[in-house]
Amino acid sequence: MTDATVSESGHRLKPLTPAMLRELSVRSDLRGAAQSLGHYGVIVLMGTLIWKISSTWGVLWALPLMAVQGYVVAFLFMAVHETAHKTAFRSRGLNLVVGYLSAFLIGLPYEYYCLFHWDHHRYTQDPDKDPELIVGVKPTSDTQLAIAYSGVLQVAGRLRLMLGHAITGEVTVPWIPENKRAVIVREARVYVALYALLLALSLWCASALLLWVWIVPLVIGQFFLRPYLYAEHTGCERTRSAFQNTRTTYTGAMVKWFAWNMPYHVEHHAYPSIPFHALPKLNEIVDDEIVHRGRGYIRTTRETWTWFRRQRQAG
């Protein structure tokens with residue numbers, strides 16, 4: 001993933017000087033640790049509250065907290081994303097530890113995602129090569145579109161793919177090169193074995209703890225995560241320029257924190273070597289060049305929904 005930001009005509013869009021790029025690209029174990037520990041700290045706190053309330057007054061009383069937990073757990077996707085770039089920490093080892101743990105918790109094999117995401121950056125908005133478009137939603141009705149925005153189909157699809165890799169030992173998706181397919185099969189088998197072990201332990205202990213503090217919240221959280229992800233590129237041009245094929249969404253500080261500053265998505269695609277904590281500063285430099293500017297996720301979701309409907313109506 002390069003830091004070139006060029007349009008199809010070859011025009012370079014407001015490049016950073018080498019000195020600016022070096023300054024912004026400095027990675028920090030401290031910043032990565034603060035972000036990771038803060039994110040996981042909220043998950044542990046919410047999980048504790050859910051278990052206490054459900055044990056005392058019943059599961060229904062804990063449902064509001066499960067929704068909050070769902071948001072926080074689902075957005076561990078951002079930890080997976082940042083560590084896939086190896087920019088969350090200066091230490092490669094810390095990137096891998098947080099990446100593998102976060103990926104396991106959201107049911108997204110880490111090595112598989114790294115390769116998937118590599119091609120997404122190489123071929124952003126290319127309908128024939130961008131994995132996000134290849135496996136993306138193609139609704140033929142408003143009902144299918146609503147289901148797509150729930151995120152349930154996407155989670156089911158990646159779990160089905162992981163099971164297929166584990167059971168058959170075959171990997172056929174085009175974004176996984178031949179020399180990496182054995183790694184992906186081994187990874188899938190490890191994930192499936194660990195999930196099976198956790199299920200067996202829960203049944204052995206007759207405990208629903210993991211169901212209420214992890215599984216159900218993860219499913220609920222997809223209702224928040226999927227509209228956020230659709231905001232990144234939906235309705236943007238299909239060019240090579242990150243300033244044209246990606247959207248930055250301007251939102252509140254809390255959303256940006258749990259999303260590891262990825263609402264600054266144009267900035268990330270234009271300069272993927274710059275870590276999450278430097279993206280606000282990068283935004284101050286390149287803001288004038290951004291073409292697609294979302295104004296909050298509620299408004300942007302309405303815009304992306306409308307775009308999908310127009311595409312369907314146009315055939």
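User: Is Pro64 buried or exposed?
Analyst: Pro64 is exposed, with a relative accessible area of 54%. Here exposed means over 50% relative accessible area, buried under 20%, and partly exposed in between, with a 1.4 Å probe and protein chains only.

User: Where does Pro64 sit?
Analyst: Pro64 has its place in helix α3, residues 59–74. Helices (H or I, at least four residues) and strands (E, at least two) are DSSP runs numbered from the N terminus. Between Pro64 and Ile215 there are 15 Å in space, C-alpha to C-alpha, and 151 residues in sequence.

User: What kind of model is this?
Analyst: This is a predicted model, in which local features need pLDDT of at least 70 and side-chain atom pairs count only at pLDDT 80 or more, while totals for chains, interfaces and linings use all residues. Residues are numbered from 1 along each chain as its sequence is written, and side-chain values use heavy atoms, with hydrogens and water left out.

User: What does the pLDDT average?
Analyst: The protein averages a pLDDT of 93, and 95% of the residues score at least 70. pLDDT is the predictor's confidence in each residue, from 0 to 100. Over residues 1–12 the pLDDT is below 50, and this stretch has 30 contacts in the model beyond near neighbours in sequence. A contact means heavy atoms within 4.5 Å.

User: How many helices and strands are there?
Analyst: The secondary structure comes to 16 helices and two strands. The radius of gyration is 20 Å, close to the 20 Å that the globule rule gives for 315 residues, so the protein is as compact as a globular protein of that length. That radius is taken over C-alpha atoms, and the globule rule is 2.2 Å times the number of residues to the power 0.38. Buried residues make up 48% of the 315 residues.

User: Moving to α16, which of its residues are buried?
Analyst: Tyr297, Thr300, Thr304 and Phe308 are buried in α16. Seen down the axis of α16, the buried residues fall within an arc of 80°, so they line one face of the helix. The arc is that of the directions from the helix axis to the C-beta atoms. On the other side of α16, Ile298, Arg302 and Gln313 are exposed.

User: Why would residues three or four places apart point the same way?
Analyst: An α-helix has 3.6 residues a turn, so residues at that spacing point the same way.

User: What do the buried residues of α16 pack against?
Analyst: They pack against α8 (142–150), α11 (209–233), β1 (247–250), α13 (253–258) and β2 (292–295). In strand β1 lies Thr249, which is buried with a relative accessible area of 2%. Leaving aside neighbours within four places in sequence, Thr249 is in contact with Ala231, Pro263, Gly294, Gly296, Tyr297 and Thr300.

User: And α8, what covers its buried residues?
Analyst: The cover includes α9 (152–168), α11 and α16. The buried residues of α8 are Leu145, Ala148, Tyr149 and Ser150. After α8 comes Gly151, whose phi is positive, near 80°.

User: Where does UniProt place the transmembrane regions?
Analyst: The unreviewed UniProt entry places the feature "transmembrane region" at residues 60–81, 93–113 and 192–220. UniProt positions are in the numbering used here, feature names are shortened, and annotations may be inferred rather than shown by experiment. Residues 60–81 are 91% helix and 0% strand, with end C-alpha atoms 33 Å apart. Residues 192–220 are 86% helix and 0% strand, and their end C-alpha atoms lie 22 Å apart.
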